[in-house]
Amino acid sequence: MDATTLNNLRDKVNSGTRISLDEARELYYEKDLLFLGELARSVKVRKTNLQVFFNVNRHINLTNVCLSRCKFCAFGCDENDPGAYTMTLEEVLNTGRDLPPHITELHIVSALHPHLPFDYYLEVIRGLKEINPEVHLQAFTAVEIDYFSQISGLSLEEVFKSLMEAGLGSLPGGGAEVFSPRVREAICSRKASGERWLEIMETAHSLGLKTNATMLYGHIETMEERLDHLIKLRSLQDRTGGFQSFIPLPFHPHNTELSHLKRTTGYEDLKMIALSRLILDNFPHIKAFWIMLGIPLAQLSLHFGADDLDGTVVEERITHAAGAQTEQGISRENLIKLIQEAGYVPVERDTLYNIIEVYGEEDGLAP
Ligand code: V47
């Protein structure tokens, strides 16, 4: 891009004007990553100042037995595979009885199990809520919700209402992958389409549920397909306002059917964080999921438009099955420290971004 175009785009972004698809494309091809970073960071600072959010949460993956068997996934398996597991209700509830201190969220994502009835998932939510009424349950991707509707014969609204009555608080953003029908046909043809994913999120928002959104990038998708995905999310958010955060997820190829592909570069990951912040002007938060990015890159992302590092997690199976080198979880103290190291103010939040505590510089090294 020449200097005049760069300056015009800078003025536009600084005045809070939305960028078009064509401008987003120009930014994607811009070689000056630091220009993109500076622009995206200015948007982040306008929205959330120097605050960087995190939460104390725990992930639970109820089962890895999955009918979908997406080519990018190393977690899902068949019933009879050696590593297959399904938690009994009692096992789930025991996990719920043994939560780490300060926890405010359980993040529950699983698989499309061939035999578990919808009642199992209702019992999981009801039981966990009974044990921990204060803990927010962020559970089930839009793809799982679609599957619940199929196995129960209930409408989307009925599925949501039953889960909400049981104690569901919000939806995570997984299962979005890339909305392009071409990509889905090639890598995840057995699960909900991109259109259906958006319909499910729109229904959730209409019932008052907040949700997140993701994009899995760095496999067979084109740059145009990434941009289309982001623009579709922006349009839906214009209509509903129900998305809280967007999480760009870099593809981890190890142990997947796409293991011949290379892991994305740090350059590409930072670019996607910055572009997401610039395109999704109506999303309150851009999350750098430290598990998938690795800690150094997650810290750098905070200078490229991200304002949230997600949580303590405790036990992560999906990306680790695909070769992630990060720890399975991180302590609250370390999250505080690494946000401070990056030059920002750590803010502990709950799932709905209510502030629990703002940490000063001296709080970072607390035991
Ligand atoms: O939907 C699966 C992705 C997602 C791989 O909402 C992979 O706050 C990389 O959505 N390499 C599940 N990614 C995780 C997810 C998520 C994570 C953190 C926070 C939130 C949130 C949501 O993980 C799946 C899929 O897109 N995934 N396999 C892989 N090999």
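The model is predicted: local features need pLDDT of at least 70, side-chain atom pairs count only at pLDDT 80 or more, and totals for chains, interfaces and linings use all residues. Residues are numbered from 1 along each chain as its sequence is written, and side-chain values use heavy atoms, with hydrogens and water left out.

**The cavity**

Rolling a probe the size of a water molecule over the atoms shows where empty space is left. A cavity here is a set of points, on a 1 Å grid over the protein atoms alone, where a 1.4 Å probe fits but cannot get out; lining residues have an atom within 4 Å of a point. The count comes to 1 cavity of 30 Å³ or more. The largest cavity has a volume of about 780 Å³, a volume being the space filled by probe spheres set on grid points that are joined across faces, edges and corners. Its lining has 42 residues, and Val-109, Gly-174, Gly-175, Leu-249 and Ile-318 lie nearest its centre. Helices α6 (142-152) and α14 (318-321) and strands β6 and β7 each supply at least two lining residues; helices (H or I, at least four residues) and strands (E, at least two) are DSSP runs, numbered from the N terminus.

Strands β6 (210-217) and β7 (243-250) each give two or more residues to the shell around the ligand. Of the 22 residues around the ligand, Phe-72, Gly-173, Gly-175, Glu-177 and Lys-287 come nearest; a residue counts as near if one of its heavy atoms lies within 4 Å.

The table gives polar contacts, which are pairs of N or O atoms within 3.5 Å.

| Residue | Protein atom | Distance to a ligand oxygen atom |
|---|---|---|
| Gly-173 | backbone N or O | 2.7 Å |
| Gly-174 | polar backbone atom | 3.4 Å |
| Asn-212 | polar side-chain atom | 3.0 Å |

Taken alone the ligand exposes 620 Å², and the protein buries 96% of that, by the Shrake-Rupley method with a 1.4 Å probe.

**The pocket**

A pocket is an open set of points with protein on both sides within 12 Å along at least five of seven lines. The largest pocket has a volume of about 170 Å³. Residues lining the largest pocket include Phe-179, Arg-184, Glu-195 and Lys-232. Helix α9 gives the most to this lining, with 3 residues.

Notes: A polar contact is a pair of N or O atoms within 3.5 Å; within protein, one must be able to donate a hydrogen and the other to accept it, and residues adjacent in sequence count only if both atoms are side-chain atoms.
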